Amino acid sequence: LNRRLAEFGTTIFAEMSALALKTGSINLGQGFPDTDGPEEIREAAVRALRDGRGNQYPPGPGVPELRAAIVEHQRRRYGLTFDPDTEVLVTAGATEAIAAALLGLLEPGDEVVALEPYYDSYAACIAMAGGTRVPVTLRPSEETGEGVTDRRFRLDLDELRDAVTDRTRLLLINTPHNPTGTVLTRAELTAIAELAVERDLLVVTDEVYEHLVFDDAEHLPLAAFPGMRERTVTIGSAGKTFSFTGWKVGWVTGTAELVTAVRSAKQFLTYVSSGPFQYAVAEALALPDTYFEEFRAGMRAKRDLLATGLTEAGFEVFRSAGTYFITTDIRPLGESDGFAFCRSLPERAGVVAIPNAVFYDHREAGAPFVRFAFCKRTEVLTDAAERLRKAFA
Ligand code: PMP
Ligand code: GLN
């Protein structure tokens, strides 16, 4: 293993999912739904396979039906317009989009400012591209509420400004944010946009949880802020929105120049992928608004169920305004090391979770936080909550 990758080892998701299997625990670690998405969309994939659509290499940028559907989705939801022929690229999930964006845009030695904690592939892909990561730590806000606290992880705008140097090439943003469940506010996004314009930075924004926002939170795409369309690569994914994480259909939108840079890297990574599934995702993106509303309402109920269970078990629960994750603080349980806690949790409670520290460069800043996924069936969440209450309350 080379020096660029040596520090990363095996991804935490593989390690924890294996632990769940081995111990027979409820897996609230890796974020994937335990129920497939809409039957009609699964049928659309079967039809594509049977009709021979996408069984051979699809076109490099993605099948025209899907590119048109992505453009229409961005227009309908956000009023953003893109040219389906030059400003859209279909990728092997958001994971490949992240990798190809960084490989296609960074020069060796470029600095990338990213919000910490960050999704684990960011650090590895920055390293593979020869870049240097500069983390800006999201920190819990001070206000407290009753029961499920109203605390959220906030971006310190001064820290963000201070992190930018003459070597900074791009900002790597993620909203709604994995693992904290934070949805960046209009004020935070405005500040990010102003900074990007002022310092002439590119922005890569991972918005795979765009449809998973709860209560009064609103997903605002960075590309829609003033001065941002020409400098922003936006990443989306069908995995989260339609509950088909195994299909690995993601996409990138941006200017022709930026999308060409991403595509230049992508063509040598996978070239193309997921042929028949691309046709099915094109149909999924065109589902009526009621699909998205019901999906969101269902996830919000799951969030509430797990948040209540975690609170009753004694965890401090941060408000999850988006994604399918809840971040907790384990210190009220008398614990302080999330790694040790997650390694012992299967034995103590029969539940698997993810230590947030794996998403930090400043490991100590993430030490007491543990992430639980709530994208599971009600009975599974009820069982997990009961096990946690029994073990800790
Ligand atoms: N970005 C974030 C923030 C994620 O949480 C995930 C996956 N859970 C991805 C990207 C990868 O998405 P995909 O499965 O489409 O590759
Ligand atoms: N993104 C998912 C999570 O955060 C996992 C995806 C993966 O295993 N790479 O849990």
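Helices (H or I, at least four residues) and strands (E, at least two) are taken as DSSP runs and numbered from the N terminus. In this sense, Ala127 sits in helix H6, which covers residues 120-128. The model described here is predicted, so that local features need pLDDT of at least 70 and side-chain atom pairs count only at pLDDT 80 or more, while totals for chains, interfaces and linings use all residues. Residues are numbered from 1 along each chain as its sequence is written, and chains are lettered from A and ligands numbered from 1 in the order in which they are written.

Neighbours within four places in sequence aside, Ala127 is in contact (C-beta atoms, placed from the backbone, within 7 Å) with Arg4 and Leu5.

The domain assignment, whose bounds come from an automatic or database source, gives domain 1 (3-37 + 290-392) and domain 2 (39-285). Their C-alpha centres lie 23 Å apart. The contact between them takes 40 residues from domain 1 and 40 residues from domain 2. On the domain 1 side, several elements each supply at least two residues, among them helix H1 (3-6) and helix H14 (363-366). Helix H12 gives the most to this side, with eight residues. By class, the domain 1 side has 20 nonpolar, eleven polar and nine charged residues; here Ala, Val, Leu, Ile, Met, Phe, Trp, Tyr, Cys and Pro count as nonpolar, Asp, Glu, Lys and Arg as charged, and the others, Gly among them, as polar.

The buried residues of H3 are Ile41, Ala45 and Ala48. They cover an arc of only 60° around the axis, which puts them on the same side of H3, the arc being that of the directions from the helix axis to the C-beta atoms. An α-helix has 3.6 residues a turn, so residues three or four places apart point the same way. The buried residues pack against helix H9 (238-242) and helix H11 (275-285), whereas Glu39, Glu40, Glu43, Val46 and Arg50 are exposed on the other side of H3. After H3 comes Gly52, with a positive phi near 75°.

Two ligands are present in the model. Ligand 1 is surrounded by 14 residues, the closest being Gly93, Ala94, Thr95, Asn178 and Ser237, where a residue is near a molecule if its C-beta atom, placed from the backbone, lies within 6 Å of it. Helix H5 (residues 93-105) gives the most to this shell, with three residues. The residues around ligand 2 are Phe13, Gln30, Gly31 and Asn178.

Some backbone details complete the picture. The peptide bond from Glu116 to Pro117 is cis, with omega near 0°, and so is the one from Thr175 to Pro176, with omega near -15°. Asp215, in the loop between strand E8 (202-206) and strand E9 (232-237), has a positive phi near 55°.

Key: A residue is buried if 20 or more other C-beta atoms lie within 10 Å of its own, exposed if 12 or fewer, and partly exposed in between; C-beta atoms are placed from the backbone. Two residues are in contact if their C-beta atoms, placed from the backbone, lie within 7 Å.
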